[in-house]
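Subject: Structure handover

Hello,

Here is the structure you asked to have passed on. Please look through it alongside the notes below.

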Amino acid sequence: MTSDRIEQLAEIVDHAAITCTEIGMLTADEPELTIANAYAVQEASIARRLERGERLVGLKMGLTSRAKMEQMGVHEPIYGRLTSSMVLSDGGRVKLDELCHPRVEPEVAFIMKDDLRGPVTPAQALDAVAGVCAALEIIDSRYRDFKFTLPDVIADNTSAVLFVLGSTLVPADRVNLGNLGMVMSVNGSIVETGSSAAIYEHPARSLAELANMLARRGQWIQAGQIVLSGGATAAIALKSGDHVRVDIDELGSAEIVVA
Ligand code: OOG
Ligand code: MG
């Protein structure tokens with residue numbers, strides 16, 4: 001695929017994101033959108049955000065749990081980028097009229113102490129972590145009806161739109177990271193329950209897989225970056241007035257309010 005075509009596709013997903021308009025799947029008209037080309041489109045769309053003054057703050061893994069894979073009908077892990085415009089403060093307000101069809105999912109987040117370059121094992125990945133915290137991710141696919149194939153969702157920066165981190169950062173070796181129970185509630189009622197074990201069998205394995213996938217493109221995770229390890233449960237559609245909260249064993253909580 002030519003670099004002009006990659007830029008054209010990046011413009012389509014970026015424009016849809018800025019204007020909150022749904023688009024058809026890119027793969028419907030572009031048979032050459034391989035996984036590698038889709039990551040190139042994602043990189044070009046993020047470059048547009050950086051040109052507008054956003055900063056890169058981290059990365060996210062997606063489709064790392066069976067619940068998410070089954071909900072979306074895509075069965076391979078993917079990664080995307082997090083920028084400064086996607087950061088909400090704990091308890092922050094999500095404006096529904098600036099989004100298309102947002103959903104929320106509970107996540108475990110890492111804050112990196114050191115650079116992490118693949119290939120690495122999960123144990124090596126954890127050595128580069130400063131701490132772990134509870135998180136909520138809001139995803140808002142730019143594709144009609146939230147339906148996509150693997151290359152489509154990669155090109156669309158894995159539906160990233162907003163995220164919030166809980167206010168307590170815990171050293172990774174102080175918690176039973178491989179099996180932390182979690183509860184997501186909306187307006188005080190429990191809507192999803194799960195365990196960090198659902199995140200690619202262990203959140204550290206998800207982090208290592210991210211470093212290993214990036215290494216195939218000559219890239220790495222940088223010290224200070226945030227990494228979302230992937231939704232542990234299916235995602236839930238957001239409605240006006242929702243107060244969404246995740247509570248994770250030993251990590252604490254993170255919450256948002258939908259306006
Ligand atoms: C793709 C993004 C998936 C996760 O945590 O699994 C994701 C989507 O479901 O739209 O962020
Ligand atoms: Mg997610």
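What follows is a list of findings, grouped by region.

This is a predicted model, in which local features need pLDDT of at least 70 and side-chain atom pairs count only at pLDDT 80 or more, while totals for chains, interfaces and linings use all residues. Residues are numbered from 1 along each chain as its sequence is written, chains are lettered from A and ligands numbered from 1 in the order in which they are written, and side-chain values use heavy atoms, with hydrogens and water left out.

Metal site

Glu105, Glu107 and Glu137 coordinate the magnesium ion (ligand 2) through OE atoms, at 1.9 to 2.0 Å. Donors here are N, O and S atoms within 2.8 Å of the metal (3.2 Å for Na, K and Ca); water is not among the atoms, so sites may look incomplete. Along the chain, the donors follow the spacing E-x1-E-x29-E. Glu105 belongs to strand β5 (residues 103-112) and Glu137 to strand β6 (residues 129-139), so the pair ties together parts 32 residues apart in sequence. Helices (H or I, at least four residues) and strands (E, at least two) are DSSP runs, numbered from the N terminus. Glu105 and Glu137 are both buried, where buried means under 20% relative accessible area, exposed over 50%, and partly exposed in between (1.4 Å probe, protein chains only).

Two helices

Helix α1 (residues 3-19) has 17 residues and reaches 24 Å from first to last C-alpha, close to the 24 Å expected at 1.5 Å a residue. The expected span is 1.5 Å times one less than the number of residues. Its buried residues are Ile6, Leu9, Ala10, Val13, Asp14 and Ala16. Seen down the axis of α1, these fall within an arc of 160 degrees, so they line one face of the helix; the arc is that of the directions from the helix axis to the C-beta atoms. Their cover includes α2 (35-51) and α5 (150-155). After α1 comes Cys20, with a positive phi near 55 degrees.

In helix α6 (residues 203-215), 11 of the 13 residues are buried, so the helix is largely enclosed by the rest of the structure. Among the buried ones are Pro203, Leu207, Glu209 and Asn212.

Cores

The largest nonpolar core has 75 residues, and those touching the most other members are Met112, Leu116, Ile138, Leu207, Ile221, Leu251 and Ile256. Such a core is a set of buried Ala, Val, Leu, Ile, Met, Phe, Trp, Tyr and Cys residues joined through side-chain atoms within 4.5 Å. Another core lies apart from it, with 11 residues, among them Met86, Ile111, Ala160 and Leu228.

Loops

The loop between β11 (236-237) and β12 (243-248) holds Asp242, which counts as buried at 3% relative accessibility. Its side chain reaches the backbone nitrogen of Lys239 at 2.9 Å. Gly241 is found in the loop between β11 and β12 and counts as partly exposed, at 48% relative accessibility. Leaving aside neighbours within four places in sequence, Gly241 is in contact (heavy atoms within 4.5 Å) with Asn187 and Val258.

Ser141 sits in the loop between β6 and α5 and is buried, with a relative accessible area of 1%. The side chain of Ser141 reaches the backbone nitrogen of Tyr143 at 3.0 Å.

Regards

Key. A polar contact is a pair of N or O atoms within 3.5 Å; within protein, one must be able to donate a hydrogen and the other to accept it, and residues adjacent in sequence count only if both atoms are side-chain atoms.
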